[in-house]
Amino acid sequence: MNIRVLLFVGLISALGLTSCDNEIDLVSEWKSIPVVYGLIDNQDTAHYIRVEKAFLDPNTSGTELARIPDSLYYDNIQVQIERSGSSENTYTLNRVDGNKEGY
């Protein structure tokens, strides 16, 4: 009985050591990925939607990239909000600087 337990533990250990690969490639070829988020409250007078680029560079740290506005924001972008199921209620948003708005 002890031999079976020992063989079972040895087999599980051998499978566990050979089947794991902890290498994960987090960086791939660059492509433009927009990230959009905001909060809309019908009782508020102003609504803000933030549109940014998702970015990652294998040779530069994220804190350095975050200091470059071209890495974060789109230059020429038009943002519209549309009521679900109704194309006649489409609103084009104005671009504002959050720093000047107090954010």
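The model is predicted, so to speak of local features a pLDDT of at least 70 is needed, side-chain atom pairs count only at pLDDT 80 or more, and totals for chains, interfaces and linings use all residues. Residues are numbered from 1 along each chain as its sequence is written, and side-chain values use heavy atoms, with hydrogens and water left out.

Let us start with the fold. The chain has 3 helices and 4 strands, taken as DSSP runs numbered from the N terminus (helices are H or I with at least four residues, strands E with at least two). From the N terminus on, their order is α-β-β-α-α-β-β. Of the 103 residues, 8% count as buried, where buried means under 20% relative accessible area, exposed over 50% and partly exposed in between (1.4 Å probe, protein chains only).

Next comes the largest pocket, with about 960 Å³ of space. A pocket here is an open set of points on a 1 Å grid over the protein atoms alone, with protein on both sides within 12 Å along at least five of seven lines; lining residues have an atom within 4 Å of a point. The volume is the space filled by probe spheres set on points joined across faces, edges and corners. Among the 22 lining residues, Tyr48, Ile49, Arg50, Val96 and Gly98 lie nearest the centre. By class, the lining has 13 nonpolar, 5 polar and 4 charged residues. Strand 1 (33-39) and strand 2 (48-54) each supply at least two lining residues, and the largest share, 4 residues, comes from strand 2.

Arg50 also takes part in the 1 salt bridge of the structure. Its partner is Glu52, with the closest N and O atoms 2.5 Å apart; a salt bridge is a side-chain nitrogen of Lys or Arg within 4 Å of a carboxyl oxygen of Asp or Glu. Tyr73, in the loop between helix 3 (69-72) and strand 3 (80-82), has its C-alpha atom 9.4 Å from that of Arg50, although the two are 23 residues apart along the chain.

| Residue | Relative accessibility | Class |
|---|---|---|
| Glu52 | 15% | buried |
| Arg50 | 36% | partly exposed |
| Tyr73 | 29% | partly exposed |

Finally, Val5, Phe8, Val9, Leu11, Ile12 and Leu15 form a nonpolar surface patch with about 580 Å² of accessible area together. Leu11 is found in helix 1 (residues 2-19).

Key. Patches are made of residues with over 30% relative accessible area and no salt bridge: like charges are joined within 9 Å, nonpolar side chains (Val, Leu, Ile, Met, Phe, Trp, Tyr) within 5 Å. Accessible areas come from the Shrake-Rupley method with a 1.4 Å probe; for residues, only the protein chains shown count as cover. On a 1 Å grid over the protein atoms alone, a cavity is a set of points where a 1.4 Å probe fits but cannot get out, and a pocket is an open set with protein on both sides within 12 Å along at least five of seven lines; lining residues have an atom within 4 Å of a point. Ala, Val, Leu, Ile, Met, Phe, Trp, Tyr, Cys and Pro count as nonpolar, Asp, Glu, Lys and Arg as charged, and the others, Gly among them, as polar.
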